[in-house]
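Please load the model in your viewer and keep the sequence panel open beside it. The stops below can be selected one after another.

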Amino acid sequence: MLLQMIGLARDYRITFTRGGPPFIELIEGPAGCPWDASQGARFDHLGYWTSSVERGSERLEDDGFAADFSGCPYGRPFAYHRLDSIGGRVELGDVARQASFLQKWHSGGGPMPVIDES
């Protein structure tokens, strides 16, 4: 479980659609975790691949979008930022993990677009 891997020993459930982008991710987590589902189903985030989670997070913070949660301190290269204008968050994921994501959820699928933070 991801939360256990990042040092937050809590139970949660996750699944993705298959067949290619855009992927829909469903996450259900307990109260207090980054994927808290105690208030029921809701839109949570849009995810993007980035060349640098750290630089992307800095850019978003400089633009007024506060960090909501980061897996980086736990060795997990992703971060969430709150975007009230969309009623949810944006997730930045390290592009280095894209190949393993595609292998699991869209075997044989081509690479997805990446935000270049250089």
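Is Cys33 buried or exposed? Select Cys33 to begin: its relative accessibility is 7%, so Cys33 counts as buried, where buried means under 20% relative accessible area, exposed over 50%, and partly exposed in between, with a 1.4 Å probe and protein chains only.

Before going further, note that this is a predicted model, in which local features need pLDDT of at least 70 and side-chain atom pairs count only at pLDDT 80 or more, while totals for chains, interfaces and linings use all residues. Residues are numbered from 1 along each chain as its sequence is written, and side-chain values use heavy atoms, with hydrogens and water left out.

**The cysteines**

The structure holds zero disulfides, a disulfide being a pair of cysteine sulfur atoms within 2.5 Å. The sulfur of Cys72 lies 18 Å from the closest cysteine sulfur, that of Cys33, which is too far for a bond.

**The whole chain**

Now colour by secondary structure, where helices (H or I, at least four residues) and strands (E, at least two) are DSSP runs numbered from the N terminus. The protein has three helices and seven strands, and along the sequence they follow the pattern α-β-β-β-α-β-β-β-α-β. Along the principal axes, the C-alpha atoms fill a box of roughly 35 × 35 × 30 Å. Of the 118 residues, 36% are buried.

**Strand β6 and its partners**

Select residues 88-94, which form strand β6; six of its seven residues are buried, so this strand is largely enclosed by the rest of the structure. Two strands are taken to pair if DSSP finds at least two bridges between them. Show strand β3 (residues 45-50) next, which runs parallel to β6 and is joined to it by six bridges; in this pairing, Thr50 has Asp94 of β6 as its bridge partner.

Then show strand β5 (residues 78-83), which pairs with β6 in the antiparallel sense, over six bridges, with His81 standing opposite Val90 in β6. β5 and β6 form a hairpin with four residues between them, and in the turn Gly87 has a positive phi of about 70 degrees.

**The nonpolar cores**

A nonpolar core is here a set of buried Ala, Val, Leu, Ile, Met, Phe, Trp, Tyr and Cys residues joined through side-chain atoms within 4.5 Å. Select Phe16, Phe23, Trp49, Phe101, Leu102, Trp105 and Met112, the seven residues of the largest such core. Helix α3 (residues 98-105) gives the largest share of this core, with three residues. A second, separate core has five residues, among them Cys33, Trp35, Phe69 and Tyr80, which brings the tour back to the buried Cys33.

Return to Leu102 and display its surroundings: leaving aside residues up to four places away in sequence, Leu102 touches Phe23, Ser107, Gly109, Gly110, Pro111 and Met112, where contact means heavy atoms within 4.5 Å.

**A cis peptide bond**

For the last stop, go to the loop between β1 (13-16) and β2 (25-28), where Pro22 lies. Pro21 and Pro22 are joined by a cis peptide bond, with omega at about 0 degrees.
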